[in-house]
Structures are given as structure tokens and as C-alpha cells.
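Me: I am new to reading protein models. Can we go through some features one at a time?

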Amino acid sequence: MVSNPKLSQSTVVGGTYLFFLYLNQICFLFYNLFIFFRYIYWTNIQLHNPTIERMTVDGKNRTVIVKHNLFTPLGITIDQATKKICWTDDKEGLKYTVECSDLDGSNRMTIDHGMHHQPYSLVVNNGMVYWTDWTYKTIWKKSLGPNEQTAPISLKNFTRGLPHGIVAKINLLE
């Protein structure tokens with residue numbers, strides 16, 4: 001028999017809230033539950049008005065968080081460690097960018113940019129961003145560091161088909 005779950009919040013540890021869920025006297029720990037489950041984020045590739053948007057999980061409070069200097073934002077992910085949102089933008093099929101900002105769209109920065117690539121999806125893990133590229137049929141990686149000037153590194157080339165989705169196993173408690 002399942003008892004009613006009880007959610008309680010611990011103190012802030014290193015700037016991070018830790019949440020505990022008690023269910024049948026078993027304790028489950030959730031790291032930053034309030035940050036990552038409060039909003040749903042998506043890209044809008046509408047031809048004349050591309051945007052990156054968010055809303056609360058109840059479908060309310062829809063907000064455009066990025067609307068300038070976008071062409072076709074395809075991939076989107078959240079870096080849970082730094083509380084940043086990152087995306088790929090295919091700029092007219094010739095140029096591309098990989099960018100990040102705060103979750104509200106502020107403090108936007110370009111991680112990588114160039115020509116003749118078509119980035120699709122991306123993921124962030126341990127200070128690195130990984131993305132799939134349909135032009136080169138490749139998975140690329142690059143450091144998220146603000147002073148990194150290095151070129152992205154090719155991790156995997158595909159001989160057949162295009163690499164679509166990409167995920168990483170992230171252990172938030174490390």
C-alpha cells in the first residue's frame with residue numbers, strides 16, 4: 001500500500017537546493033527539482049519569426065526568451081549543471097551557430113560558429129557540448145568554456161544515414 005508522498009526541502013548546499021521525497025518511509029533525493037521541471041522549452045522555426053520559448057508545465061506563462069539573430073533553431077538542451085539553455089541554429093543552410101544563454105534568454109553567448117555545417121540536435125555534459133551535423137554526418141564536441149578558441153573535435157562519422165537525436169547520461173550528484 002502506497003502512502004501519500006511527502007515533499008520536503010533541505011537547506012541550500014553550495015548554492016543548490018536539495019529536495020527529498022518520502023514515500024512509504026523511503027527517501028528519494030532530487031537535485032534542483034524546482035529549476036528543471038517548472039518549464040518546458042522549445043524552438044519555433046517559423047519562417048519569418050523564429051524563436052526559442054518556454055512555458056510552465058501547466059501550459060501557462062508562455063514567454064519568448066530568444067527572438068533576435070535566429071534563423072532555424074533546431075536543437076535545444078539544458079545544461080543542468082550551469083542552468084543554461086543551449087541550441088543549434090542553421091543559418092540559411094550555409095552558416096551555423098551553437099549558442100547558450102541563461103534560462104531566461106539573457107547572457108547569450110556563441111560557443112561555435114562556422115560555415116558548411118548543418119547542426120541538428122545537441123546535448124551538454126561535463127562542460128562539453130556535443131552536436132550532430134547532417135552535412136558531415138558527424139558528432140562534434142567542444143568545450144563550453146568562455147575562453148575556448150579551439151575548433152570542435154569530430155567524435156564519430158556515419159557512413160550511412162544522418163545522426164539525429166543525441167543524449168548523454170548525466171549524474172547530477174557528482
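Me: Is lysine 83 buried, partly exposed or exposed?

Reply: This is a predicted model, and the values are computed from it. Buried means under 20% relative accessible area and exposed means over 50%, with partly exposed in between. Lysine 83 has a relative accessible area of 28%, so it is partly exposed. Lysine 83 lies in the loop between β7 and β8 (84-91).

Me: What is the phi of lysine 83?

Reply: Start with the general idea: most residues other than glycine have a negative phi. Lysine 83 is not a glycine, yet its phi is positive, about 60°. Asparagine 69 is another case, with a positive phi near 55° in a residue other than glycine.

Me: Where is asparagine 69 found, and is asparagine 69 buried or exposed?

Reply: Asparagine 69 is in the loop between β6 and β7 (73-79). Its relative accessible area is 64%, over the 50% cut-off, so asparagine 69 counts as exposed.

Me: In what order do the strands of the open sheet come?

Reply: The open sheet has 3 strands in the order β4-β5-β6, with antiparallel pairing. β4 (39-44) and β6 (63-66) are the edge strands; each has a single partner strand, so one side of each has no neighbour in the sheet. From one strand to the next, the twist averages 35°.

Me: How many bridges join β4 to β5?

Reply: There are 6 bridges between β4 and β5 (residues 51-56), and the two strands run antiparallel.

Me: Is glutamate 53 buried or exposed?

Reply: Glutamate 53 sits in strand β5. Its relative accessibility is 4%, under the 20% cut-off, so glutamate 53 counts as buried. Its side chain makes a polar contact with the side chain of asparagine 44, at 3.5 Å. Leaving out residues up to four places away in sequence, glutamate 53 touches Ile40, Tyr41, Trp42, Asn44, Arg62, Thr63, Val64 and Ile65.

Me: How far apart are asparagine 61 and tyrosine 39 in sequence and in space?

Reply: Asparagine 61 and tyrosine 39 are 22 residues apart in sequence, and 9.3 Å apart in space from C-alpha to C-alpha. Asparagine 61 belongs to the loop between β5 and β6. With 55% relative accessibility, asparagine 61 counts as exposed. Setting aside neighbours within four places in sequence, asparagine 61 is in contact with Arg54, Met55 and Thr56.

Notes. Residues numbered from 1 in each chain as written. Predicted model: local features only at pLDDT ≥ 70, side-chain atom pairs only at ≥ 80, totals over all residues. Heavy atoms only, no water. Pairing = 2+ DSSP bridges. Helix = DSSP H or I, 4+ residues; strand = E, 2+ residues; numbered from the N terminus. Axes fitted to C-alpha atoms, helices over the stretch in contact; angles between N-to-C directions. Buried < 20%, exposed > 50% of the residue type's maximum accessible area, 1.4 Å probe, protein only. Polar contact = N/O pair within 3.5 Å; in protein donor to acceptor, adjacent residues only side chain to side chain. Contact = heavy atoms within 4.5 Å.
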